[in-house]
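Please look over the chain shown here before reading on. The questions that come after can be checked against it.

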Amino acid sequence: QVQPVESGGGLVQAGGSLRLSCAASGGTFSYYLMGWFRQAPGKEREFVAAITSGRTTYYANSLKGRFTISRENAKNTVFLQMNSLKPEDTAVYYCAAADSTNWPPREESEYDYWGQGTQVTVSS
């Protein structure tokens, strides 16, 4: 199994950028599909982006163009670059790993290992 640990969250002004990192220890990192989810106050957790072992990416339609997911397998790390941030992006961001998923890989239930989350707050 693999244990994801998120970092890089913080406070940023609207229009700014943040780069989240997810270090995944254990397992063979390069074999896992990795995803980012987020949960805003009072809302359900929602899919953000995913990247396969072959570096194929998939994004929530509302976020495509502003967010970019990538991975660096040598460092067992997946990234989420967030640009043009809006107050509505404020949420706890979670990194997750999946042994296998259907396509598109946007269902929470398909991910097997989850991090604790990192807070992203966008001020207006």
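Predicted model: local features only at pLDDT ≥ 70, side-chain atom pairs only at ≥ 80, totals over all residues.

Residues are numbered from 1 along each chain as its sequence is written, and side-chain values use heavy atoms, with hydrogens and water left out.

Q: How many residues of strand β9 are buried?
A: Strands (E, at least two residues) and helices (H or I, at least four) are DSSP runs numbered from the N terminus. Buried means under 20% relative accessible area, exposed over 50%, and partly exposed in between, with a 1.4 Å probe and protein chains only. β9 covers residues 91-98 and is mostly covered, the buried count being seven of its eight residues.

Q: Over how many bridges do β4 and β9 pair?
A: Two strands count as paired if DSSP finds at least two bridges between them. In this pair R38 stands opposite Y93 in β9. Strand β4 (residues 33-39) and β9 are antiparallel, and the number of bridges is seven.

Q: Which residue in β10 is the bridge partner of A96?
A: β9 pairs with strand β11 (residues 118-123) in the antiparallel sense over three bridges, with A91 opposite V120. β9 also pairs antiparallel with β10 (residues 113-114), over two bridges. In β10, the partner of A96 is W114.

Q: Is N102 buried or exposed?
A: N102 lies in the loop between β9 and β10. N102 and G27 are 75 residues apart in sequence and 21 Å apart in space, C-alpha to C-alpha. Because its relative accessible area is 55%, N102 is exposed.

Q: Which are the edge strands of the open sheet of four strands?
A: The order in this sheet is β1-β3-β8-β7, with antiparallel pairing. Five bridges join β1 to β3, and Q3 stands opposite S25 in β3. An edge strand pairs on one side only, and here the edge strands are β1 (3-7) and β7.
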